[in-house]
Amino acid sequence: MPHLILVRHGQSEWNLEKRFTGWVDVDLTGQGKLEACKSGEYIKELKLNIDYFYSSFQLRAVNTLKFIQDTLRSNTKPIRAWQLNERHYGALTGLNKNEMSEKLGEDKIHEFRRSWEIKPDPLSRNNPYHPINIDAYKTIPKNKIPDTESLKDTYERVIEYYNSDIHNKLLDNKNILISAHGNSIRALCKFLFKLDNKKISLLEIPTGNPLLINLNSKQEIIECKYLDKDRAKNLLIF
Ligand SMILES: O=C(O)[C@@H](CO)OP(=O)(O)O
């Protein structure tokens with residue numbers, strides 16, 4: 001019976017500052033590092049052998065995975081996939097979420113954040129926050145780098161990657177851990193739990209709280225739970 005563990009990175013510097021982050025490569029805060037170590041402890045208690053460790057290209061997910069692997073004393077080389085990156089927030093990138101709610105109204109900002117197809121205006125390629133100007137993304141083909149994304153766009157790249165690289169390993173009974181982001185994990189959950197557009201708009205993913213998904217050999221989900229139960233009340237809507 002294969003296991004899939006999804007972890008959203010620990011609190012980032014811009015989570016703390018409540019800024020739209022997307023592909024900007026910010027690191028973890030002190031609290032985020034603690035959340036990552038705690039995630040490692042919870043995963044260790046499962047006494048599972050994890051065959052593959054994945055992260056996005058982004059520092060906050062890469063470092064969360066490092067803390068987890070250190071806690072597990074695992075030397076397995078992680079696989080980094082840019083397709084697991086956070087949703088690109090376009091022209092909202094870097095702006096403060098509260099200030100933007102005051103300016104454009106809470107409903108509008110909620111629509112940008114949680115609707116399925118609506119996307120912010122594109123971010124100019126001259127903007128220093130644009131991924132083409134960020135070193136960590138140098139190896140990604142330029143024509144694959146978005147200027148803005150809806151959750152639907154994020155879903156398309158995440159699920160294409162999942163189907164081509166991860167699905168077969170689960171079929172082969174391998175245990176997999178993915179360290180990624182709020183919206184790339186929401187995309188995966190929409191696919192795995194067959195959530196409709198209404199349900200996915202209600203799904204929030206907590207930082208540093210591993211979601212354990214147990215599958216059967218046909219890849220049907222038989223159980224799913226957050227490992228930090230105290231921080232998971234009212235969270236699951238699957
Ligand atoms: O800013 C972001 O990149 C994401 C995740 O932190 O935010 P939101 O929850 O608004 O989608």
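The views below come from a predicted model.

View 1. Asn173 sits in the loop between H6 and S4. Most residues other than glycine have a negative phi.

**View 2. Lys18 and Arg19, two residues of the loop between H1 and H2**. Lys18 lies in this loop. Its phi is positive too, about 55 degrees, and Lys18 is not a glycine. Lys18 has 14 other C-beta atoms within 10 Å and is therefore partly exposed. Arg19 is found in the loop between helix H1 (13–16) and H2. Is Arg19 buried or exposed? Arg19 counts as buried, because it has 22 C-beta neighbours inside 10 Å. Beyond its neighbours within four places in sequence, Arg19 is in contact with Trp14, Gly94, Leu95, Asn96 and Lys97. Arg19 and Met100 lie 81 residues apart in sequence, yet their C-alpha atoms are 9.7 Å apart in space.

**View 3. The shell around the ligand.** Which residues are found around the ligand? They are Asn15, Phe20, Thr21, Gly22, Glu86, Tyr89, Arg113, Gly182 and Asn183. By class, the shell holds 5 polar, 2 nonpolar and 2 charged residues.

**View 4. The largest nonpolar core.** This core has 32 residues. Ile5, Leu6 and Leu188 touch the most other members. Several elements give two or more residues to the core. The strands are S1 (3–8), S2 (52–55), S4 (176–180) and S5 (211–215). The helices are H2 (30–45), H3 (59–72), H6 (151–171) and H7 (182–192). H6 supplies the largest share, 6 residues. Which residues does Ile5 contact, leaving aside its neighbours within four places in sequence? Ile5 is in contact with Ile43, Leu177, Pro210, Leu211 and Leu212.

View 5. Met100 is the residue whose C-alpha lies 9.7 Å from that of Arg19.

**View 6. The open sheet of 6 strands**. The strand order is S3-S2-S4-S1-S5-S6, and the pairing is mixed. Strand S3 (79–80) and strand S6 (221–226) stand at the edges. Each has a single partner strand, so one side of each is left without a neighbour in the sheet. In a regular strand the side chains alternate between the two faces of the sheet.

**View 7. S4 and its two parallel partners**. S1 and S4 run parallel and are joined by 5 bridges. Within this pair, Arg8 has Ala180 of S4 as its bridge partner. S2 and S4 also run parallel, with 4 bridges between them. Here Ser55 stands opposite Ser179 in S4. Of the 5 residues of S4, 4 are buried, so S4 is largely enclosed by the rest of the structure. H6 lies across S1, S2, S4 and S5. H6 runs at about 150 degrees to S4.

**View 8. The hairpin of S5 and S6**. The two strands pair in the antiparallel sense over 5 bridges. Between them lie 5 residues. Gln219 in the turn has a positive phi of about 70 degrees. Which residues of S6 face Leu211 and Asn214 across the pairing? The bridge partner of Leu211 is Tyr226. Asn214 stands opposite Glu223. Of the 6 residues of S6, the number buried is 0, so S6 lies largely in the open.

**View 9. Ile221 in strand S6**. Ile221 has 14 other C-beta atoms within 10 Å, so it is partly exposed. Leaving aside its neighbours within four places in sequence, Ile221 is in contact with Leu192, Phe193, Ile213 and Leu215. Ile221 and Gly32 are 189 residues apart in sequence. Their C-alpha atoms are 29 Å apart in space.

Methods:
Residues numbered from 1 in each chain as written. Predicted model: local features only at pLDDT ≥ 70, side-chain atom pairs only at ≥ 80, totals over all residues. Near = placed C-beta within 6 Å. Nonpolar A, V, L, I, M, F, W, Y, C, P; charged D, E, K, R; others polar. Core = buried A, V, L, I, M, F, W, Y, C linked by C-beta atoms within 7 Å. Buried ≥ 20, exposed ≤ 12 C-beta atoms within 10 Å, placed from the backbone. Contact = placed C-beta atoms within 7 Å. Pairing = 2+ DSSP bridges. Axes fitted to C-alpha atoms, helices over the stretch in contact; angles between N-to-C directions.
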